[in-house]
Amino acid sequence: MVFTHDVLVIGGGAAGLMCAATAAGNGRNVLVIEHANRVGKKILMSGGGRCNFTNTGTTPANYLSSNPHFCRSALARYTPRDFIDLVEKHRIAYHEKELGQLFCDDSSKQIVAMLLAECAQAGARIATSCSVDRVQQQDTGGYAVHTSQGVFSAPSLVIASGGLSIPSMGASGFGFALAKQFGHTVLPTRAGLVPLTLSGRPQEQLADLAGVALPVRATSGKTAFENAMLVTHRGISGPAILQISSYWQPGQPLHLDLLPGRDALEVLQQQRTERPAAELKTVLSDLLPRRFALRLCEHWLPNRPMKQFNEPQLRQAADLLRAWPLVASGTEGYRTAEVTLGGVETREISQATFESKRAPGLHFIGEVLDVTGWLGGYNFQWAWASGHAAGMAV
Ligand SMILES: Cc1cc2nc3c(=O)[nH]c(=O)nc-3n(C[C@H](O)[C@H](O)[C@H](O)COP(=O)(O)OP(=O)(O)OC[C@H]3O[C@@H](n4cnc5c(N)ncnc54)[C@H](O)[C@@H]3O)c2cc1C
């Protein structure tokens, strides 16, 4: 027996639930097929359990894609304000943490409950623990999805199965394989918003500082982010490093300004004038976490009284503080990455409807597409915006 719907959505995450609620709200008969035992697992674990659900400063410039203009239309049609209105309608208390990042005051469970309530009210059905065996294009048009709970068919099929990050939360390569099945190009994928690992000497020199955090400006190529860095047992993490990880490529140099927003040379010159007898490690201990400053002076900077630094030597020390070179050996990979870079080539997808240009009735939304946001609520905003656009179109 085949169960017929207007719209099938594969993946009950952020984008899929938004799409289902929107399409059902427009009177469509919608079924969400989710292989995990519950929907929205990534929403639940996001933002440290408080879900950084949007960013009020969202613009297309906050996204990485080989086709940077693709996200523009959907982001303009469903804005952070639209999602905030929904959050307020459900009386979910929220606050801005920093840089336009909005979090629930209480729990990310509220966002999942809100999306489920929207789906239920609009009449969208959800099948959990439902695994997809295969997807077929029907001769009569539309798609048949063969699952562990029967065969479902619909003229519109929306792929909202996300990326590869955190496989233990249900992530799978399903969407990429399906895109290829229907003739789509899938751009190479890699882990993004992910801690960087160190190996060899730099790892030995820093490992026992795990837990030390400091503000930095991390630069890779032409891109830089200023925020906190955290030393970990395996390397470096923290918002500045997660952000730059999406731009960093293996083998590329990474430079860290350890006194962001300050002129390192001016700072050192002033210290030499004011505290000529103080050693560099003492001076730096007042500017940086003490253990980190001491370690810098053990391995990277010469330690001696400030008055013994001549101008070129002071300049050299300032250069190192301004652009401390670290060679990352890699990333922690999908096990801890927040997002997947790359994915379904957006030039083969309509930016208005998210419909495939290769297979009529097939849509791709959310992280499965080659659109990846910065850290800070941008990825959920993309999920809401692309889910909403497809939900309006199907
Ligand atoms: C730890 C962590 C914290 C994060 N915090 C934030 C944050 O605070 N703010 C932010 O903006 N972004 C955050 N992100 C990123 C954000 O979670 C994702 O970008 C977003 O969830 C992508 O939405 P999506 O609907 O495309 O995919 P997902 O939310 O991943 O949903 C995909 C769904 O499809 C299901 N699925 C996969 N394969 C199949 C299959 N074969 N059959 C059926 N179902 C399938 C999955 O189980 C899942 O439920 C975080 C990510 C992680 C990992």
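Around the ligand sit 30 residues, and among these Ala15, Glu34, Ser172, Glu367 and Phe380 come nearest; a residue counts as near a molecule or strand if one of its heavy atoms lies within 4 Å of it. Keep in mind that this is a predicted model, where local features need pLDDT of at least 70 and side-chain atom pairs count only at pLDDT 80 or more, while totals for chains, interfaces and linings use all residues. Residues are numbered from 1 along each chain as its sequence is written, and side-chain values use heavy atoms, with hydrogens and water left out.

**The ligand and its shell**

Here are some of the polar contacts, meaning pairs of N or O atoms within 3.5 Å (within protein, one must be able to donate a hydrogen and the other to accept it, and residues adjacent in sequence count only if both atoms are side-chain atoms).

| Residue | Part of the residue | Ligand atom | Distance |
|---|---|---|---|
| Glu34 | side-chain N or O atom | oxygen | 2.6 Å |
| His35 | backbone N or O atom | nitrogen | 3.2 Å |
| Lys42 | side-chain N or O atom | oxygen | 3.4 Å |

On its own, the ligand has 990 Å² of accessible area, and the protein covers 94% of that. Such areas come from the Shrake-Rupley method with a 1.4 Å probe; for residues, only the protein chains shown count as cover.

What kinds of residues make up the shell around the ligand? They split into twelve nonpolar, 14 polar and four charged. In this count Ala, Val, Leu, Ile, Met, Phe, Trp, Tyr, Cys and Pro are nonpolar, Asp, Glu, Lys and Arg are charged, and the others, Gly among them, are polar.

Three helices each supply at least two residues of that shell: helix 1 (14-25), helix 2 (41-45) and helix 13 (378-393). Helix 13 gives the most, with four residues. Helices (H or I, at least four residues) and strands (E, at least two) are DSSP runs, numbered from the N terminus.

Five of them build an open sheet in the order 8-3-2-12-22, with parallel pairing. Its edges are strand 8 (125-127) and strand 22 (362-364), each pairing on one side only. Two strands pair if DSSP finds at least two bridges between them. On average, neighbouring strands here are turned by 20 degrees against each other, direction ignored.

Strand 3 (residues 30-33) pairs with strand 8 in the parallel sense over three bridges. Val32 has Ile126 in strand 8 as its bridge partner.

Axes are lines fitted to C-alpha atoms, for helices over the stretch in contact, and angles run from 0 to 180 degrees between N-to-C directions.

Another open sheet has three strands in the order 4-7-6, with antiparallel pairing. Strand 4 (52-55) and strand 6 (94-96) are its edge strands, each pairing on one side only. From one strand to the next, the twist averages 25 degrees. Strand 4 and strand 7 (residues 101-104) are joined over three bridges in the antiparallel sense, with Thr54 opposite Leu102 in strand 7.

**Hairpins**

Strand 15 (residues 213-220) and strand 16 (residues 223-231) pair antiparallel over eight bridges, and Val216 stands opposite Asn227 in strand 16. The two form a hairpin with two residues between them, and Gly221 in the turn has a positive phi of about 60 degrees.

Strand 16 goes on to meet strand 17 (residues 235-237), antiparallel and over two bridges.

Strand 9 (residues 132-137) and strand 10 (residues 143-147) run antiparallel, joined by five bridges. Val132 is bridged to Thr147 in strand 10. This hairpin has five residues between the strands, and Gly141 takes a positive phi near 100 degrees.
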